[in-house]
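Hello,

Here is the structure I promised to pass on.

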Amino acid sequence: MRSDLAGPNGTLIIGGIHGDESASVDLVREFVPPGRHPVALLPAANPDGVVRSSRYNARGVDINRNAERNWRADSVEPSGGAPWSEPEARALRDFILDWRPAKIVSLHWALGEIDADGVQSRALAEAMWSALSAAERMPYRLRIAERGQPPLQQTDAECPGSLGQWAGYGLVYPDDSRPAMVTLELPYDASIPRAETLPDDHVDQVRAHWARDPQAYLATVRDPVFKMLTAACELTLK
Ligand SMILES: [Zn+2]
């Protein structure tokens, strides 16, 4: 509703676009945002995938490859029959267009990255990075993709049709503002520094860790993630 916009400092926090990235769902469910600015929490953006422990929705499509920006039929991950072909992707798009969050943070496993898309996203990513101690930063790297001054261009083709591509480079609100877009990739192991090149089996490692003891995994990542999400919510842009 137009009377209920997020405002210049509203934040949308998303988990579970990939339904098998369980920690992203649990952390967004647990997070209690600070009360200063409006916050919307969407723990399970791909509910069928969450129930089935699948990366994809029930039709086998990757919701994070189904947005229109840089959408590709030949994407490595199944991208759907057309941009926005999937109801989950449309619901997310429509909520963003209706509520117009100034800041969007989407949680994923397991690249250990605070990944900003677009020049307008730098302050958000830096606020999240600054919220962490040196030890807490260890399993992460800060990645700010802002090549291409406005009009902004996609900086790489690694995630065609992703939320980051669309919200970071394609989306302009009616008042000509753009949302700050950060993809927060949880670490595969919070106890070791993030390697410049991740081990090939980093996703398998985090899933094995999760399968052994989900609470133990969450215990290693929870506090730093909540610090970053709190900083995102509290960041005042205007
Ligand atoms: Zn993911």
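First, a word on classes. Ala, Val, Leu, Ile, Met, Phe, Trp, Tyr, Cys and Pro count as nonpolar; Asp, Glu, Lys and Arg count as charged; the others, Gly among them, count as polar. Bear in mind that this is a predicted model.

Now the second largest pocket. Its lining has eight nonpolar, three polar and four charged residues. The space in this pocket is about 270 Å³. Of its 15 lining residues, Pro-8, Ala-102, Asp-175, Ser-177 and Lys-238 lie nearest the centre.

The largest pocket holds about 610 Å³ of space. It has 33 lining residues, and Arg-55, Arg-65, Leu-111, Cys-159 and Glu-185 are the closest to its centre. By class, the lining splits into 14 charged, 10 polar and nine nonpolar residues. Several elements each supply at least two lining residues: strands S3 (103-109), S4 (113-117) and S6 (180-186), plus helices H6 (163-170) and H7 (202-212).

What about cavities? The whole structure has one cavity of 30 Å³ or more. The largest cavity has a volume of about 60 Å³. Its lining includes Ile-17, Ile-63, Trp-84, Leu-92, Arg-93 and Trp-166. Helices H3 (87-99) and H6 are the elements that give two or more residues to this lining. H3 provides the largest share, three residues.

Best wishes

Note on methods. Residues are numbered from 1 along each chain as its sequence is written. This is a predicted model: local features need pLDDT of at least 70, side-chain atom pairs count only at pLDDT 80 or more; totals for chains, interfaces and linings use all residues. Side-chain values use heavy atoms; hydrogens and water are left out. On a 1 Å grid over the protein atoms alone, a cavity is a set of points where a 1.4 Å probe fits but cannot get out, and a pocket is an open set with protein on both sides within 12 Å along at least five of seven lines; lining residues have an atom within 4 Å of a point. Grid points are joined across faces, edges and corners, and a volume is the space filled by probe spheres set on the points. Helices (H or I, at least four residues) and strands (E, at least two) are DSSP runs, numbered from the N terminus.
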